[in-house]
Amino acid sequence: TNEFEEAQKIMRKLRKYQREPKNYLLRSLLRCGVCGRILSRNPRTKKTYYHCDKSRHNPDTECPVGEKFYETDLERVITANLMQMLTLLVDCDKSMKEAAAKTKGSESNLRQSILKIEKSIKQQSLTKVDAYERYSDGELSKQEFLIIRDEVAAEVERLNGEKLVLEDQLNTLLHAEEPELGSMAASASHFLKEKEMTNQMLLFFIDRVYVYSGMKLDIRYKFSDGLMKTLQAYQAEVQMK
């Protein structure tokens, strides 16, 4: 009986300290913001936490020595950020497609129209130069030159306004046809319908998360620079409205 009880105690200890399932939410994501090492996970306390091993063995390091980053806090911040990013992807894609549908003309037509306006702007500049030369030669009075100069300035301003509108339409059309945005937005829309966040979902969108002292996080997404700029521009535009 005593042997049985001792065996049970040993089994309970083994079960307690056996390795945790590998598929926990933040698996393979967290790194020390200073040294870049993968943060160690300690599930053998009341509150599971992460820490930098280098900081434990090297007191002179700039890593967050002795700091514990609790899993529940990290999960809350990272999942909230991801949900915002998923929503941003879906909204941006929808907005781009709606704007593109209202855009008049194809990419080729828009580019030709922009080129035509640029030629007109150059022509206006030549008109101004010609008027100045005629004024210098005494063919035009100062008043006549100033009238032509002001007319040219007004026309150039009007043409630049038209050009800006066409460039915005072209930019919208190109972004709406951006494969990465459409693909990521489709995946985001799918994941937003899921009842529970999983490690697979995080790893699909997030490359890694750098953790700094004081729980400061730098979340790096698996987006190209172009897509990230598109999302940032869209977000800034929404905030300005």
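User: In which strand is the place of Arg31?

Analyst: Arg31 has its place in strand E1, residues 30-32. Helices (H or I, at least four residues) and strands (E, at least two) are DSSP runs, numbered from the N terminus. A word on the basis of what follows: this is a predicted model, in which local features need pLDDT of at least 70 and side-chain atom pairs count only at pLDDT 80 or more, whereas totals for chains, interfaces and linings use all residues. Residues are numbered from 1 along each chain as its sequence is written, and side-chain values use heavy atoms, with hydrogens and water left out.

User: How many helices and strands does the protein chain have?

Analyst: The protein chain has eight helices and six strands. Read from the N terminus, the order of its elements is α-β-β-β-α-β-α-α-α-α-α-β-β-α.

User: What share of the residues counts as buried?

Analyst: Buried means under 20% relative accessible area, exposed over 50%, and partly exposed in between (1.4 Å probe, protein chains only). Of the 241 residues in the protein chain, 32% are buried.

User: How are contacts across the sequence read, and what is the share from residues 24 or more positions apart?

Analyst: A contact means heavy atoms within 4.5 Å. Among contacts in the protein chain with a separation of 6 or more, 63% come from residues 24 or more positions apart.

User: Which residues does Arg31 touch?

Analyst: Leaving aside residues up to four places away in sequence, Arg31 touches Gly36, Arg37, Ile38, Leu39, Arg208, Val209, Tyr210 and Val211.

User: What is the nearest side chain of opposite charge to Arg31?

Analyst: For charge, Lys and Arg count as positive and Asp and Glu as negative; His and the chain ends are not counted. A salt bridge is a side-chain nitrogen of Lys or Arg within 4 Å of a carboxyl oxygen of Asp or Glu. Arg31 is buried yet has no salt bridge, and the nearest side chain of opposite charge, that of Asp207, is 7.0 Å away. The side chain of Arg31 does, however, reach the backbone oxygen of Gly36 at 3.0 Å.

User: How many salt bridges does the structure hold?

Analyst: The structure holds 11 salt bridges. One of them joins the side chains of Arg41 and Glu71, at 2.7 Å from N to O. This pair links distant parts of the chain, for Arg41 is in strand E2 (residues 40-42) and Glu71 is in helix H3 (residues 71-102), 30 residues apart.

User: Are Arg41 and Glu71 buried or exposed?

Analyst: Both Arg41 and Glu71 are buried.

User: Where do Glu155 and Arg158 lie?

Analyst: The general idea concerns the helix itself: an α-helix has 3.6 residues a turn, so residues three or four places apart point the same way. In this structure, Glu155 and Arg158 both lie in helix H5 (residues 142-176), three residues apart, about one turn of the helix. They form a salt bridge whose closest N and O atoms are 2.6 Å apart. Glu155 is partly exposed at 25% relative accessibility, and Arg158 is partly exposed at 39%.

User: Which residues are linked in a network of salt bridges?

Analyst: Glu118, Lys163 and Glu167 are linked in such a network.

User: How is the length of a helix judged, and how many residues has helix H6?

Analyst: The expected span of a helix is 1.5 Å times one less than its number of residues. Helix H6 (residues 179-192) has 14 residues, and its reach of 20 Å from first C-alpha to last is close to the 20 Å expected.

User: Which residues of H6 are buried?

Analyst: In H6 the buried residues are Leu181, Met184, Ala185, Ser187, Ala188 and Phe191. Seen down the axis of H6, they fall within an arc of 165 degrees, so they line one face of the helix. The arc is that of the directions from the helix axis to the C-beta atoms.

User: What is the phi of Ser28?

Analyst: Phi of Ser28 is near 70 degrees, a positive value in a residue other than glycine. Ser28 is in the loop between helix H1 (2-17) and E1. Met215 also has a positive phi, near 65 degrees, and its place is in the loop between strand E5 (206-212) and strand E6 (216-221).

Notes. Polar contact = N/O pair within 3.5 Å; in protein donor to acceptor, adjacent residues only side chain to side chain.
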